[in-house]
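Take a first walk through this structure. Begin with the overall fold, then go down to single residues.

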Amino acid sequence: MPKSSTWTLQRLVAWVALIVALGFPFSVVAQDMTLTLNAQPGTFTGKWVYRSFTSSPKAGDSLAKLALGLNELDLTEQGGRIVGKRIGQGVDYDLGGVALYVAKQGATIRLHGQATISGKLYNYDYFGYLIPSWGVPGATQPDTIMGTVLRSDPTNPSNAPLIASFAATRE
């Protein structure tokens, strides 16, 4: 094969590969998948498995090292107001707050509670997003709240608060 024919064939193969590579994401999107924002009042009512973890920028930190809490949230929502409890690990405390629903943007939750840990009173403030769920045939995804929690010392506000991340998944 002459040199120019080989070069033309290589260019053709490269173009075909590029078109296939660019077309692949469209073929994935073309499958029957949807991303749903569950923004319906009352969505936060129920029991949730709660896990909190340190927000560490160190890539080498293991998940075990980052883990802080494993509890349960039991929430009741009515008219945008939320009451409930965080239960587990020997510490139970009441929570109160609000839910906010915005069409085409999703749902958020703000909660506040106080707990005594090792004889010391702490404030707990939570902010979370109800993450969108993937609608994929044959797969299910439970509702999940992802957010941040701030633990502060009400008797000494100058103490640096503990800030952590959390995930809560509907039971």
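Two strands count as paired when DSSP finds at least two bridges between them.

How far can the model be trusted? The mean pLDDT of the chain is 87. A score of at least 70 is reached by 85% of the residues. Among the elements, strand S4 (residues 81-87) has the highest mean, 98. Helix H1 (residues 3-29) has the lowest, 63. Where pLDDT is low, the predicted coordinates should not be read in detail.

On one side, S4 is joined to S3 by 7 bridges, and the two run antiparallel. S3 and S4 make a hairpin with 2 residues between them. In that turn, glycine 79 has a positive phi of about 60 degrees.

S4 also pairs with S5, again in the antiparallel sense, over 6 bridges. Valine 83 has glycine 96 in S5 as its bridge partner. Glycine 84 stands opposite leucine 95 in S5. The hairpin of S4 and S5 has 5 residues between the strands. Here glycine 88 takes a positive phi near 135 degrees.

Which residues of S4 lie on its covered face? They are Ile82, Gly84 and Arg86. The uncovered face holds Arg81, Val83, Lys85 and Ile87.

Now turn to the packing. In soluble globular proteins, nonpolar side chains tend to be buried together. The largest nonpolar core in this model has 24 residues. Those with the most contacts inside it are Phe44, Trp48, Leu75, Tyr126 and Ile145. The elements that give two or more residues to this core are S2, S3, S5, S6, S7, S9 and S10.

Leucine 75 shows how such a residue is surrounded. Leaving aside neighbours within four places in sequence, leucine 75 is in contact with Phe44, Thr45, Gly46 and Trp48, among others. Its contacts also include Ile82, Val83 and Gly84, as well as Leu95, Ile109 and Leu111.

Aspartate 153 lies between strand S9 (144-152) and strand S10 (162-170). Is aspartate 153 buried or exposed? Its relative accessible area is 7%, so aspartate 153 is buried, under the 20% cut-off.

What does the side chain of aspartate 153 meet? It makes a polar contact of 2.6 Å with the side chain of threonine 155. Another polar contact, of 3.2 Å, joins the side chains of aspartate 153 and asparagine 159. Beyond four places in sequence, aspartate 153 touches Lys120, Leu121, Tyr122 and Asn159. Aspartate 153 and glutamine 114 are 39 residues apart in sequence, yet their C-alpha atoms are 9.9 Å apart in space.

Methods. Residues numbered from 1 in each chain as written. Predicted model: local features only at pLDDT ≥ 70, side-chain atom pairs only at ≥ 80, totals over all residues. Heavy atoms only, no water. Helix = DSSP H or I, 4+ residues; strand = E, 2+ residues; numbered from the N terminus. Buried < 20%, exposed > 50% of the residue type's maximum accessible area, 1.4 Å probe, protein only. Contact = heavy atoms within 4.5 Å. Polar contact = N/O pair within 3.5 Å; in protein donor to acceptor, adjacent residues only side chain to side chain. pLDDT = per-residue confidence, 0-100. Core = buried A, V, L, I, M, F, W, Y, C linked by side-chain atoms within 4.5 Å.
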